[in-house]
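Here is a guided walk through one protein model, from its sheet to its helices, its cores and a few residues in its loops. Please keep the structure open beside the text as you read.

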Amino acid sequence: MKQVTAIIRSERLDAVKEALEKVECKGITVVDVKGRGEQLGIEEKYRGKSYRIDLLPKVKIVTVVHDEVVDKIIDTICEAAHTGHIGDGKIFVTNVEEVVKIRTNQRGDDAL
Ligand SMILES: Nc1ncnc2c1ncn2[C@@H]1O[C@H](COP(=O)(O)OP(=O)(O)OP(=O)(O)O)[C@@H](O)[C@H]1O
Ligand SMILES: [Mg+2]
């Protein structure tokens with residue numbers, strides 16, 4: 001099993017959620033986060049003075065999926081989150097050792 005963590009633009013959340021409903025995605029966890037990428041935030045002007053906002057609001061989506069569908073999930077998120085502009089976000093993929101479904105005590109792939 002793989003954990004797919006996507007940091008995306010907040011305004012793309014609905015599109016990504018909708019797209020994930022149509023593929024083999026069993027569950028998602030969504031968190032409001034702040035972050036920065038290689039531009040280190042953005043430069044803003046206020047009353048003629050410029051200052052830097054170094055952490056921008058983003059949304060983090062976490063889903064744990066079967067190994068076979070991880071590429072499909074990545075493609076789905078990329079397509080739904082993409083605008084082509086700086087700050088579209090990133091996807092990180094890690095291995096998941098174990099999953100336990102508390103209600104049934106199922107483990108591993110069956111528990112997703
Ligand atoms: N290397 C990283 N490690 C952890 N989080 C990251 C990393 N890069 C980006 N992020 C997270 O993803 C968010 C969006 O990043 P962003 O899309 O700006 O990346 P980027 O590398 O600057 O790409 P771009 O040039 O398209 O802006 C950041 O605000 C941060 O929360
Ligand atoms: Mg950036």
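## A tour of the fold

In β5, V4 has T63 as its bridge partner. That pair belongs to the seven bridges that join β1 (residues 2-8) to β5 (residues 56-65), two strands that run antiparallel. Before going further, a word on the ground rules: this is a predicted model, in which local features need pLDDT of at least 70 and side-chain atom pairs count only at pLDDT 80 or more, while totals for chains, interfaces and linings use all residues. Residues are numbered from 1 along each chain as its sequence is written, chains are lettered from A and ligands numbered from 1 in the order in which they are written, and side-chain values use heavy atoms, with hydrogens and water left out. Helices (H or I, at least four residues) and strands (E, at least two) are DSSP runs, numbered from the N terminus, and two strands pair if DSSP finds at least two bridges between them.

Now look at the other neighbour of β5. Strand β2 (residues 29-35) is joined to β5 by seven bridges, and these two run antiparallel. Along this pairing, V30 has I61 as its bridge partner, and G35 stands opposite L56. Put together, the open sheet has four strands in the order β2-β5-β1-β6, with antiparallel pairing. Its edge strands are β2 and β6 (89-95), each of which pairs on one side only. From one strand to the next, the twist averages 25 degrees; such angles run from 0 to 180 degrees between N-to-C directions, and axes are lines fitted to C-alpha atoms, for helices over the stretch in contact.

Two helices pack on this sheet. Helix α1 touches β1, β2 and β5, and its direction makes about 10 degrees with that of β5. Helix α2 touches β1, β5 and β6, and its direction makes about 5 degrees with that of β1. Contact here means heavy atoms within 4.5 Å.

How do the helices meet each other? The axes of α1 (residues 13-21) and α2 (residues 70-81) come within 8 Å and cross at roughly 145 degrees. The crossing is right-handed, a label for a near helix turned clockwise from the far one by less than a right angle, with anticlockwise giving left-handed. On the α1 side the contact is made by A15, V16, A19 and L20, which meet I73, T76, I77, A80 and A81 of α2. By class, this contact has eight nonpolar residues, one polar and no charged. Here Ala, Val, Leu, Ile, Met, Phe, Trp, Tyr, Cys and Pro count as nonpolar, Asp, Glu, Lys and Arg as charged, and the others, Gly among them, as polar.

Of the 18 residues in the largest nonpolar core, I8, V16, L20, I73 and I77 touch the most other members. A nonpolar core is a set of buried Ala, Val, Leu, Ile, Met, Phe, Trp, Tyr and Cys residues joined through side-chain atoms within 4.5 Å; buried means under 20% relative accessible area, exposed over 50%, and partly exposed in between (1.4 Å probe, protein chains only). The core draws at least two residues from each of β1, α1, β5 and α2, and α2 gives the most, with five. Apart from this core lies another, of five residues, including M1, V96, V99 and L112.

K17, in helix α1, is partly exposed at a relative accessible area of 36%. T29, in strand β2, also counts as partly exposed, at 47% relative accessibility. Leaving out residues up to four places away in sequence, T29 touches K60, I61 and V62.

Finally, turn to the loops. Strands β3 (residues 42-46) and β4 (residues 49-53) pair in the antiparallel sense over five bridges, and Y46 has K49 as its bridge partner in β4. They form a hairpin with two residues between them. N105, in the loop between β7 (100-101) and β8 (106-107), has a positive phi near 65 degrees and counts as exposed at 52% relative accessibility. Most residues other than glycine have a negative phi.
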